[in-house]
Amino acid sequence: MVAFSGGKDSQVVLDLVAKTLSSEQYFCVFTDTGMELPCTYDTLEETNNDYKQKYKGFNIERAESEESAITQWEKYGPPSRFNRWCCSVRKTALFTRTMKKILKTDKQPKCVVYEGVRSDESNRRKKYSRIAPGVKHINILNARPILNWGNTEIYLYIIKNNIQINRGYREGLTRIGCNI
């Protein structure tokens, strides 16, 4: 699986995986928190269309909640730096449910998840390994091919390989995520 967020890092990871594996060997999953920026939805659509043209059988699967974000805000309170329920409820759980659906299993799926985590994003992430078993799920191996890349390397790769970039970066954002 490729965990796709619509940000620059997941764009690079998707491109690396797409150039390495055939589209029959992996799935790309966008976990829609329902709180994404409009430019992220544009990037999702443009990337899906671009890769469908380049790679036969490619498709970005969408993981979506049956409950609206507003309903969950009412249950748990607004997400914040100290109350980060949204990542576990609206990302991790949805991603897992979608993996089970794609792989047609009721059990915790066994797979490799390629993710665009980088060590320079936080002090906690500096301690991460490039390959890590059981980070959030026991049967999942997290692969972080760009863990040690800096922003310069990310942007150089994007430019060199003519990869779609979320317009939020051009409008001054340094990170793309939920719009809260």
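Me: Let's start with two helices: is the crossing of helix 1 and helix 5 left-handed or right-handed?
Reply: Welcome, and keep in mind that this is a predicted model. Helix 1 covers residues 8-20 and helix 5 covers residues 151-160. Where these two helices cross, the hand is left-handed.

Me: How far apart are the axes of helix 1 and helix 5?
Reply: Two packed helices are described by the angle between their axes and the distance between the axes. For helix 1 and helix 5 the angle is about 55°, which means that helix 1 is oblique to helix 5. The distance between their axes is 10 Å.

Me: How many charged residues are there in the contact of helix 1 with helix 5?
Reply: From helix 1 come Lys8, Asp9, Val12, Asp15, Leu16 and Lys19, and they meet Asn151, Ile154, Tyr155, Tyr157 and Ile158 of helix 5. Six residues of this contact are nonpolar and one is polar. The charged ones number four.

Me: At what angle do helix 1 and helix 2 pack?
Reply: The axes of helix 1 and helix 2 lie 13 Å apart, and the crossing is right-handed. The angle decides how we describe the pair: an angle under 35 degrees counts as roughly parallel. Helix 1 and helix 2 pack at about 15°, so helix 1 is roughly parallel to helix 2. The angle asked for is therefore about 15°.

Me: Which residues in helix 2 does helix 1 meet?
Reply: On the helix 1 side, the contact uses Gln11, Leu14, Asp15 and Ala18. By class, the contact of helix 1 with helix 2 has three nonpolar, three polar and one charged residues. The helix 2 partners are Thr43, Thr47 and Tyr51.

Me: Which residues of helix 4 make the contact with helix 3?
Reply: Helix 3 (residues 69-76) and helix 4 have axes that come within 12 Å and cross at roughly 145°, and the crossing is right-handed. Helix 3 brings Ala69, Gln72, Trp73 and Tyr76 to this contact. Its classes are five nonpolar, one polar and one charged. From helix 4 come Trp85, Val89 and Arg90.

Me: Is threonine 40 buried or exposed?
Reply: Threonine 40 has its place in helix 2. Leaving aside neighbours within four places in sequence, threonine 40 is in contact with Ser5, Gly6, Phe30, Asn166 and Ile176. Its relative accessibility is 0%, so threonine 40 counts as buried.

Me: Which residues does asparagine 48 touch, not counting residues up to four places away in sequence?
Reply: Asparagine 48 is found in helix 2, which spans residues 38-54. Its relative accessibility is 12%, so asparagine 48 counts as buried. The residues that asparagine 48 touches, with those up to four places away not counted, are Phe58, Asn59 and Ile60.

Me: How far is isoleucine 60 from valine 17 in space, C-alpha to C-alpha?
Reply: Isoleucine 60 lies in strand 3 (residues 60-64), and at 6% relative accessibility isoleucine 60 counts as buried. Beyond its neighbours within four places in sequence, isoleucine 60 is in contact with Phe4, Cys28, Phe30, Leu44, Thr47 and Asn48. In sequence, isoleucine 60 and valine 17 are 43 residues apart. In space, their C-alpha distance is 13 Å.

Me: How many disulfides does the structure hold?
Reply: A disulfide is a covalent bond between the sulfur atoms of two cysteines. The closest cysteine sulfur to that of cysteine 28 is in cysteine 111, and at 13 Å it is too far for a bond. Cysteine 28 is buried at 1% relative accessibility, and cysteine 39 is buried at 6%. The number of disulfides in the structure is zero.

Me: What is the phi of lysine 104?
Reply: Most residues other than glycine have a negative phi, and most peptide bonds are trans. Lysine 104 sits in the loop between helix 4 (85-102) and strand 4 (111-114), and at 75% relative accessibility lysine 104 counts as exposed. Although lysine 104 is not a glycine, its phi is positive, at about 55°.

Me: And where is asparagine 162 found?
Reply: Asparagine 162 also has a positive phi, near 50°, in a residue other than glycine. With a relative accessible area of 66%, asparagine 162 is exposed. Its place is the loop between helix 5 and helix 6 (167-170).

How values were computed:
Residues are numbered from 1 along each chain as its sequence is written. This is a predicted model: local features need pLDDT of at least 70, side-chain atom pairs count only at pLDDT 80 or more; totals for chains, interfaces and linings use all residues. Side-chain values use heavy atoms; hydrogens and water are left out. Axes are lines fitted to C-alpha atoms, for helices over the stretch in contact, and angles run from 0 to 180 degrees between N-to-C directions. Helices (H or I, at least four residues) and strands (E, at least two) are DSSP runs, numbered from the N terminus. Angles under 35 degrees count as roughly parallel, over 145 as roughly antiparallel, 65 to 115 as roughly perpendicular and the rest as oblique. A crossing is left-handed if the near helix is turned anticlockwise from the far one by less than a right angle, and right-handed if clockwise. Contact means heavy atoms within 4.5 Å. Ala, Val, Leu, Ile, Met, Phe, Trp, Tyr, Cys and Pro count as nonpolar, Asp, Glu, Lys and Arg as charged, and the others, Gly among them, as polar. Buried means under 20% relative accessible area, exposed over 50%, partly exposed in between (1.4 Å probe, protein chains only). A disulfide is a pair of cysteine sulfur atoms within 2.5 Å.
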